[in-house]
Amino acid sequence: MDLREIPAFWGLCGGVLNGAVGLVTAYSTRAGNPLARRRAWFTVFLGALGGPIIAEALTPSFLALIPALDMRALALVLGWVTANDPRSLFTWIRDRFLLPLKGASE
Amino acid sequence: MTWAHLTVIATGLLYVGASMALGVVVRLLGPTYHTKVTAPLWIVVFFALAAVSLLWRGVTLLFPGELVDTDRISLVAPLTAVVVVGLCLFVLDYVMGDRSPPPLFNQWFSWALKRRVTEDGIVHAAFALPPAMHEAAPCGAQINRTGRGLRLAVLSGGAATILIVLGVIAVNATG
């Protein structure tokens, strides 16, 4: 079995790439702080675990939609996108949409 | 392995590198680093979109499939990619300075927060200020809490990981 035939391998590559970039940023002298370091480690684990899963799950569907794409390119980008910390997005949605609704009803 | 082949691989890797630089810009401007100033949302969204676009451009050059025709790529394409990388690094450098307003103003911001100035107002004020000098950034006190050896180990480990992944991609590229 060749690893390079599996979307999960390329998803892992993309996720680990993004996670490692975040790690280097968080530990650099000019930008790092302790909170950012903890979040960067979370991003690394998200990329290493979630990247292969998301790539393996979604790549066949996208390939069926656009068959001209290369599987490896698609899996790589999917893994890369997965390794972003989504919690700030959740916080933004909560602060912007859910909390005002609650406040208006009271 | 011909010159055209090498040109395509170099161009693709340069575009991936540019997207890595813009990804750092998104991290620094976004709420991940919320102990400093967070940029307005549309700026963060724009840079995230730019990072994904550049990544897609580089990756489709490395693994073209049938969408991209890499046979007739110009020999000047790596130069264009170098220009893009340079501009991205310039933005990254500017953002790293822009993240920290001059240290004097941190005191003023905490005082203004007590006076019921909204957080959005603080953000706009901080972005209107000139950036602090890099050496004058007040984060040095926080850095020294972690050991220097540990920090260097993580940094070199991260750099080695990036190089390994890029190497795997470059070796398998069918540009």
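Biologist: How many residues of chain A are in contact with how many of chain B?

Modeller: In this predicted model, 33 residues of chain A are in contact with 38 residues of chain B. Two residues count as in contact if their C-beta atoms, placed from the backbone, lie within 7 Å. Residues are numbered from 1 along each chain as its sequence is written, and chains are lettered from A and ligands numbered from 1 in the order in which they are written. Local features need pLDDT of at least 70 and side-chain atom pairs pLDDT 80 or more, while totals for chains, interfaces and linings use all residues.

Biologist: Why is a set of residues called a nonpolar core?

Modeller: Because its members are buried Ala, Val, Leu, Ile, Met, Phe, Trp, Tyr and Cys residues joined through C-beta atoms within 7 Å. Buried means that 20 or more other C-beta atoms lie within 10 Å of a residue's own. The largest such core here has 65 residues, and B:Val25 is one of those with the most contacts inside it. H1(B) gives the most to this core, 15 residues.

Biologist: Which residues does B:Val25 contact, leaving aside neighbours within four places in sequence?

Modeller: B:Val25 contacts B:Phe47, B:Val91, B:Leu92 and B:Val95.

Biologist: What are the ipTM and pTM of the model?

Modeller: The ipTM is 0.83 and the pTM 0.79.

Methods. Buried ≥ 20, exposed ≤ 12 C-beta atoms within 10 Å, placed from the backbone. Helix = DSSP H or I, 4+ residues; strand = E, 2+ residues; numbered from the N terminus.
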